Amino acid sequence: MVSSGNDRSCYWWNQRNRELAELGAYVYTCSRNETELNECLQQWTTKGFQVSGSVCDMASSAQRKDLITKVSSIFNGKLNILVNNVGTNIMKHTLEYTEDDFSFFVKTNLESAYHITQLAHPLLKASQAASIVFISSTAGVVAIDIGSIYSATKGAINQLTKNLACEWAKDNIRTNCVAPGIIKTPLAESHLEDGKLLEKYLRRTPLGRLGEVKEVSSMVAFLCLPAASYITGQTICVDGGFTVFGL
Ligand SMILES: NC(=O)c1ccc[n+]([C@@H]2O[C@H](COP(=O)([O-])OP(=O)(O)OC[C@H]3O[C@@H](n4cnc5c(N)ncnc54)[C@H](OP(=O)(O)O)[C@@H]3O)[C@@H](O)[C@H]2O)c1
């Protein structure tokens, strides 16, 4: 199950979900936008992928419960993979963030992933070889001088990855996290408009370019494969070397 799928266009949705579906996984996904979701699901079914999904605002506790009930019914109470991809960001300096901003980002980026993972635990345990993959950010690994709430939620996801790896190994659940650098998506585009952040980022990125969605989704897929069976509790940066650039 991929905890977020659709977007402003099917292109992005395809990029995010394709990898696991191509490897033969039955993907269940969600979006807040019913029209776009159905359009994308139809395109995917036409391509022969096993995919279904439903509308869910992951910031709503009731809708998360409803989603897991649907997932449980489709997968007969067993879930092999949970990908927590939902996340959003508005770049502000710390003194500009309001109380509402704080609640919104914690709800969307942290509470939603925390709660859906709690709800999914019985299903993951029933699979006897399950894999959880969180999507955090390099902003939760190193610090930059803007976006502190976003970074705090992503840093918390990195920590949660380690805790669950320790707590749930006994249930045969591996837990890992992918921390992307700047990846070409609508979310990133909105932050790169003025060019300054882009220039700063590229200067500090050894590979000297932005990442592609596929470069993140392939890491997510790898972490779910038997090839990764001894990997748990790790946050893997897919960032062109951004987080290791010293000077
Ligand atoms: N792009 C980057 O440079 C970058 C870097 C580091 C980390 N990340 C992380 O990567 C993940 C994906 O980001 P992206 O760049 O692909 O962002 P995006 O283009 O804005 O897409 C965000 C996705 O999250 C979903 N979403 C957001 N709030 C939701 C909610 N309340 N309920 C259900 N779905 C919700 C959206 O679905 P709908 O709009 O269809 O509902 C959409 O599919 C996020 O966790 C982000 O923090 C991205």
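Helix α2 (residues 34-46) comprises 13 residues and reaches 18 Å from its first C-alpha to its last, close to the 18 Å expected at 1.5 Å a residue, where the expected span is 1.5 Å times one less than the number of residues. Helices (H or I, at least four residues) and strands (E, at least two) are DSSP runs, numbered from the N terminus. The structure is a predicted model, in which local features need pLDDT of at least 70 and side-chain atom pairs count only at pLDDT 80 or more, whereas totals for chains, interfaces and linings use all residues. Residues are numbered from 1 along each chain as its sequence is written, and side-chain values use heavy atoms, with hydrogens and water left out.

Within α2, the residues Leu37, Cys40, Leu41 and Trp44 are buried, a term that denotes under 20% relative accessible area, with exposed meaning over 50% and partly exposed in between (1.4 Å probe, protein chains only). The face of α2 turned away from its buried side carries the exposed residues Thr35, Gln42 and Thr46. An α-helix has 3.6 residues a turn, so residues three or four places apart point the same way.

Helix α3 was examined in the same terms. The 14 residues of α3 should span 20 Å at 1.5 Å a residue, and the end C-alpha atoms of α3 are 20 Å apart, which agrees. Arg64, Leu67, Ile68 and Val71 are buried in α3, and, seen down the helix axis, the buried residues of α3 fall within an arc of 95 degrees, so they line one face of the helix. Ala62, Thr69 and Ser73 are exposed on the other side of α3. Asp66, which also has its place in helix α3, counts as partly exposed at 38% relative accessibility, and its C-alpha atom is separated by 31 Å from that of Ala139, 73 residues apart along the chain.

The buried residues of α8 are Val213, Val216, Ser217, Val220, Ala221, Leu223 and Cys224. They cover an arc of only 160 degrees around the axis, which puts them on the same side of α8.

The nonpolar cores were considered next, each being a set of buried Ala, Val, Leu, Ile, Met, Phe, Trp, Tyr and Cys residues joined through side-chain atoms within 4.5 Å. Of the 25 residues in the largest nonpolar core, Met58, Leu67, Val71, Leu79, Leu124, Ile132 and Phe134 touch the most other members. Two or more residues of this core are given by each of β1 (27-31), α3 (61-74), α4 (99-127), β4 (130-135), α5 (148-168) and β5 (173-180), and the largest share, five residues, comes from α4. A second, separate core of 21 residues includes Trp44, Val178, Val220 and Leu223.

The second largest pocket holds about 400 Å³ of space. On a 1 Å grid over the protein atoms alone, a pocket is an open set of points where a 1.4 Å probe fits, with protein on both sides within 12 Å along at least five of seven lines, and lining residues have an atom within 4 Å of a point; grid points are joined across faces, edges and corners, and a volume is the space filled by probe spheres set on the points. This pocket is lined by 21 residues, of which Ala129, Ala130, Ser131, Arg174 and Cys224 lie nearest its centre. At least two lining residues are supplied by each of β4, β5 and α8 (213-224).

Asn76, in the loop between α3 and β3, has a positive phi near 50 degrees and is exposed, with a relative accessible area of 69%. Gln128, in the loop between α4 and β4, has a positive phi of about 70 degrees and counts as exposed at 57% relative accessibility.

Conventions: Arc of directions from axis to C-beta.
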